[in-house]
Amino acid sequence: MKISIVDSRIKKKISKDLYLDENDFHPCEPFFINHPNIIPEGADFVIVKGLFEHSKYIRYILKMSDAMLKVGGKLEIEFYMFSLDSGTSPFRNLSGLLYEVSICFKERLKLVNKSTIGEIIILTFEKIVPTLPEDDQIGSWSFGIVSDGRKNDRILAIINQIKQFSIPNFEVVVCGPSPASDLPSFVKVLDDNDLYFDSRIPISKKKNRIIDNAKYNNLVLFHDRFSFPEDWYKNILKQGNYFDGFCIRIVDEETKKHRVQDWISTSLYHYEFKKLFHNKPILAYDKWVPNWNVNGGFMIIKKHLISRVKLNPFLHWGEAEDGDLCRRLDADGFCLTLFTGTYVTTQTHRLTVGKKRKGILRLLQIFKGKAYMYWSFFNRKKIFRKHLNSVLND
């Protein structure tokens, strides 16, 4: 099979080739669900023309091109080079393309030919290593639970939920105190006493210990405040096995209606806290941004990818350890996607839920939020000035 991925403005030839364009690739729409006629790692040849010069989703297109291509198959990229590494707005320069290619493919795809025709660079790669590790199967999952021993009844309930999924191969790995003395054989408990340096919670070290000890490559890493619906695994099967990591819907446990930090972004601007109106992190389910941020409380991820970077062991709970992980995953070529076909619920004792109104109530909600932010911004300045004055008068 030959698959051509082209800009929709290119006139498609009449042939037996399968033509796709930019409308077929969106990180919020699982590719293989929308293209059931394409078999993963079944294509002999994939060619990309006119997209990498400008597409926002270059990494996702590269990932899906890889997932479509069989071992021994060829990926050909035609790229119009305005410049190697200088500014070429509104188009990407060649260095930007080569960067994405190398961090995405690493040494699984090998450059076998490079040619030029005028300003066009043609790069041909041969796939020499499969997309997924040999033992990576959709029916094999590790569930890693971070615990402090205060919610043992809840952990036991989660274990029972996972058991009811009837996954062919699975395990539950608990990092923290054992929730019971008599546990099923598929449950593994990892002691965490040696991970504590002081009174801070070593959340990163605990998650890293789960990563190191997980048996299967499909890894669900989560806190004990989450809970699964009965059909969770059945719906996950629809997503398929070709992903780096993906977010699903997270809703409040009480009503199951309100989103709780499920599809979010993070600011890369270090002085964001100084702005009067900061960027809201919650994204619409059809929106993808390069500064994505996976919820540290619940993540679905490939073990072989997170093992490359892991969490920073010196970051504790409440120290933006998940945001730090996301940025390092991104630098390693990771591509986070969204699958809305299933969900989990979470307790909301600490977290806030997103409750959107409609019509005039929505406008009033926005106005109220802006007014509160404006008031808080200047009130905090007033409070801080008062604090400084009190310090000077001590």
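## Terms and basis

A residue is called buried under 20% relative accessible area, exposed over 50%, and partly exposed in between, with a 1.4 Å probe and protein chains only. The model is predicted, so local features need pLDDT of at least 70 and side-chain atom pairs count only at pLDDT 80 or more, while totals for chains, interfaces and linings use all residues. Residues are numbered from 1 along each chain as its sequence is written, and side-chain values use heavy atoms, leaving out hydrogens and water.

## Aromatic pairs

Across the whole structure, 22 aromatic pairs are found (ring centres within 6.5 Å, Trp by its six-membered ring; planes under 30 degrees apart are stacked, over 60 edge-to-face, the rest tilted). One of them joins Tyr57 and Trp288 edge-to-face, at 5.8 Å centre to centre and 80° between the planes. These partners are 231 residues apart, Tyr57 lying in the loop between β3 and α2 and Trp288 in the loop between β13 and β14. Tyr57 is buried at a relative accessible area of 15%, and Trp288 is buried at 12%.

The rings of Tyr80 and Phe82 are tilted, with centres 4.8 Å apart and planes at 55°; Tyr80 is partly exposed at 36% relative accessibility, and Phe82 is partly exposed at 47%.

## Helices α2 and α3

The axes of α2 (residues 58-68) and α3 (residues 94-105), lines fitted to C-alpha atoms over the stretch in contact, come within 10 Å and cross at roughly 45°.

Note on methods: Axes fitted to C-alpha atoms, helices over the stretch in contact; angles between N-to-C directions. Helix = DSSP H or I, 4+ residues; strand = E, 2+ residues; numbered from the N terminus.
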